[in-house]
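Here's a quick briefing to read with the model open on your screen.

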Amino acid sequence: MATKTKKMTGSQAICESLIAEGVETVFGYPGGAIMPLYDALYDYQKEIRHILVRHEQGAAHAAEGYARACGKVGVAIATSGPGATNLVTGIADAMLDSVPIVCITGQVPKAVLGTDAFQETDVIGITMPITKWNYQVTEPEEIPEILAKAFYIAANGRPGPVLVDITKNAQFDHLDFSYEKKTQLASVDIQVEPESSDLEKAAELINQAKKPLMFVGHGVLISQAEKALAKFVEKTDIPVASTLLGLSCFPTDHENYAGMLGMHGNYGPNLLTNQADLILAVGMRFDDRVTGNLEAYAKQAKIIHVDIDPAEINKNVTVDVSLICEAKAALEKLLPLVEKADHKEWFGSFLDCAKEEQAKVIDGDLKPKTAGKISMGQTINLLSKKTDGRAIVVPDVGQHQMMSARYYRFKESNSFISSGGLGTMGFSLPAAFGAKVGAPHREVLAIIGDGSFQMTLQELATIRQENIAVKTIILNNNYLGMVRQWQEMFFDKRYSFVNMDNPDFVKISEGFAIPAARVSEESELEAAVDKMLSTEGPYLLEVVVEKEENVFPMVPSGESVSNIRLE
C-alpha cells in the first residue's frame, strides 16, 4: 500500500524510502555531492544507524558482510567522483558472489552534468557491467519509485548489487512523497517453479545413478535450502561436496559430507568428479576454480544443474537437465520423486581418498614443520575447537582463506563469508564488522593475511568508534603467501616482489585503541586465543606462522581435476 503524500526534500525522501524498505543500518562516507542526504540523515538517527567507514570500499564490503550475515539488503552510501569509484571493487565483488546491496551515490547537479564539473564521474557507465541494474536520478519525484525498484531488483531472482546515482539538485528539491514497495517486477521475476517434466527427468537420472555426486553452492544458502538439502541427502544417500561459498550449508561432520571442491579443495570430491556417473549441481555456477580444464571435465557423467539464473545454464558445462528455480524449491519438488538409496560402496571411494589426504596433507598442516613454531592449519583448527565450529568466519583472500575453508569445522549454516569470484584482498575487515552488525549475537572471526590486512586496516577505526566486537586474527608469514606458492611451484622459486617488510601490527591496533597481542611460539597459541575470545569488544591477535607453508591439495591452473596434487 502506498503511504500518504507528504511534501519533503529529495534527501528526506531517500531516508523515508530506506525506512519503508526496513533498512536499519547503512555504511557510508560523506562528501560534497551527497551532503544534502547527510544533512537529512542527521534527523533520522533514531531510525537509521549510519556507520562511518574510513574508505568507501569499506562501505561496500561492510554492506556485503551485513547482507550475507542477516539476509537483508545491505546499503552503502558515497559521494560523487572518487567516492563513487571507490565503491567499484565492492560492487564487482557483490556481483560475482550474488550479494544484494544497494549503493546510493551523490552526483553533481543536473545543470552541470557532462561538463566535467568538480568530482563528476560517469558512475552509471562505470558500473553498468558490474550491477544488476543502475539508474541516475535527476529529479526528486523519481526517488521513491527508483529506490523501490532498486531494493526489489537487488533482493529478488539472483541477488546482486544495484546502484542509484542521485544528482545534488534532486536531493535539495521538493516532491510530494509517497512510497509503495515493489512486490513484482517483470524484468526480474522469472520462473520459480521447475517444470514437472524436467523434475521427472532429473529424478529418473538420480534414481538410476550408481555413482552420484552432489555439488552445493552459495545458492543453497541464499534460498535457505539447508533443511531441504538435509532431507534430500538423508533419502538419496548421495555424497555432498561444497563449493567455497557453499561452505556451512551442509554440516562438515555429516557422514555424507565429502569435502570442498575447487583448486585447493579436498582430494576425493575433485579426483572422483571424473568417475561419477551423475553430478547434481545445486546453486553453483561451474566456475573455473571448480572445473579446471573444461575439455577434461566430467565427460562420463550425466549432469543436472539447479540454478535460478538461466544465464548460468550451459554457460560453462553442458548439462542434461536444467531446473531454473531456487535451490530450495528444486530440492523440495524432487524429494517425493527420488527413491530411497544406499551409496555406501561409492562413498567408500571418498573415504579412501580422505585417508590418503589425511596422511599426506592434513596431518602435516595441523602441526608446524619446525618444532615450536605455528602453522596456519593448526591455528584455524584451534579456532574451530574453541568456538565449537559456530562462529561466522570471514577470511580474506589467499592461503589463509583456503586454510580457513579446509580446517574450520562448520556446525551452523551461513557461517563462511569470503570473497569468492573476485578474490578481493582487503575484503575481510570491513565485511567482518558488517557481518557482526548484521548478526550481533554471533561470534565473528576476521581471519586475514598480513598482505590483505594492510589494504583496509584503516577500518579498525570504524570498529573502534562503533565498538563492534570483531575478533581479528592476522596470520603473518611476511609474504604474499599464495603468490609466493605459485612462484615456488611454477616460476622456479623466483620470489619476485612477494616479501613483506611488515609494520608492528600490535602497535597499529593499539594506536586505534583496540587491544592486541602477538604470538610466535606454539606454546603461546592456546592461551592467546582464549584471551582474545574472552575479551569483550574488538581484539586483534597476530599469529606469526611459518614463512613458506603451501596449501595442498592443489589442482594446477588449467589442468584437469583428475590431476589434483597432494604435494
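Buried here means under 20% relative accessible area, exposed means over 50%, and partly exposed is what falls in between. Keep in mind that this is a predicted model. With that cut-off in hand, R442 counts as buried, because its relative accessible area is 10%.

**Two residues to look at**

- Setting aside neighbours within four places in sequence, R442 is in contact with R390, A391, I392, E412, S413, N414, S415 and K436.
- E559 is found in the segment after β19 (539-544). Its relative accessible area is 33%, so E559 is partly exposed.
- Not counting residues up to four places away in sequence, E559 touches G292 and N293.
- E559 and T291 are 268 residues apart along the chain, yet their C-alpha atoms are separated by 9.1 Å.

**Helix α3 and its partner α5**

- α3 (residues 56-70) has 15 residues and runs 21 Å from first C-alpha to last, close to the 21 Å expected at 1.5 Å a residue.
- This helix is mostly covered, with 14 of the 15 residues of α3 buried.
- The axes of α3 and α5 (residues 88-96) come within 7 Å and cross at roughly 25 degrees. That angle makes α3 roughly parallel to α5.
- On the α3 side the contact uses Q57, A60, H61 and E64, and these meet T89, G90, I91, D93 and A94 in α5. By class, the contact of α3 with α5 has three nonpolar, four polar and two charged residues.
- A handy reminder for reading lists like this: an α-helix has 3.6 residues a turn, so residues three or four places apart point the same way.

**Helix α7**

- α7 covers residues 143-155, which is 13 residues, and reaches 18 Å from its first C-alpha to its last, close to the 18 Å expected at 1.5 Å a residue.
- α7 is mostly covered too, with ten of its 13 residues buried. Among them are I143, P144, I146, L147, F151 and Y152.
- G157 follows α7 and has a positive phi, near 65 degrees.

**Helices α9 and α14**

- α9 (residues 196-208) packs on α14 (residues 327-334) at an angle of about 65 degrees, with the axes 10 Å apart. The two helices, α9 and α14, are therefore roughly perpendicular to each other.
- The crossing of α9 over α14 is right-handed. Contact comes from L199, A202, A203 and I206 of α9, and from A330, K333 and L334 of α14.
- Sorted by class, the contact of α9 with α14 has six nonpolar residues, no polar ones and one charged.

**Helices α16 and α17**

- The axes of α16 (residues 376-386) and α17 (residues 399-407) come within 9 Å and cross at roughly 45 degrees. That makes α16 oblique to α17.
- α16 passes α17 in a right-handed crossing.
- M376, G377, I380, N381 and S384 of α16 meet Q399, H400, M403, S404 and Y407 of α17. By class, the contact of α16 with α17 has four nonpolar and six polar residues, with no charged ones.

Terms used: Residues are numbered from 1 along each chain as its sequence is written. This is a predicted model: local features need pLDDT of at least 70, side-chain atom pairs count only at pLDDT 80 or more; totals for chains, interfaces and linings use all residues. Side-chain values use heavy atoms; hydrogens and water are left out. Helices (H or I, at least four residues) and strands (E, at least two) are DSSP runs, numbered from the N terminus. The expected span of a helix is 1.5 Å times one less than its number of residues. Buried means under 20% relative accessible area, exposed over 50%, partly exposed in between (1.4 Å probe, protein chains only). Axes are lines fitted to C-alpha atoms, for helices over the stretch in contact, and angles run from 0 to 180 degrees between N-to-C directions. Angles under 35 degrees count as roughly parallel, over 145 as roughly antiparallel, 65 to 115 as roughly perpendicular and the rest as oblique. A crossing is left-handed if the near helix is turned anticlockwise from the far one by less than a right angle, and right-handed if clockwise. Contact means heavy atoms within 4.5 Å. Ala, Val, Leu, Ile, Met, Phe, Trp, Tyr, Cys and Pro count as nonpolar, Asp, Glu, Lys and Arg as charged, and the others, Gly among them, as polar.
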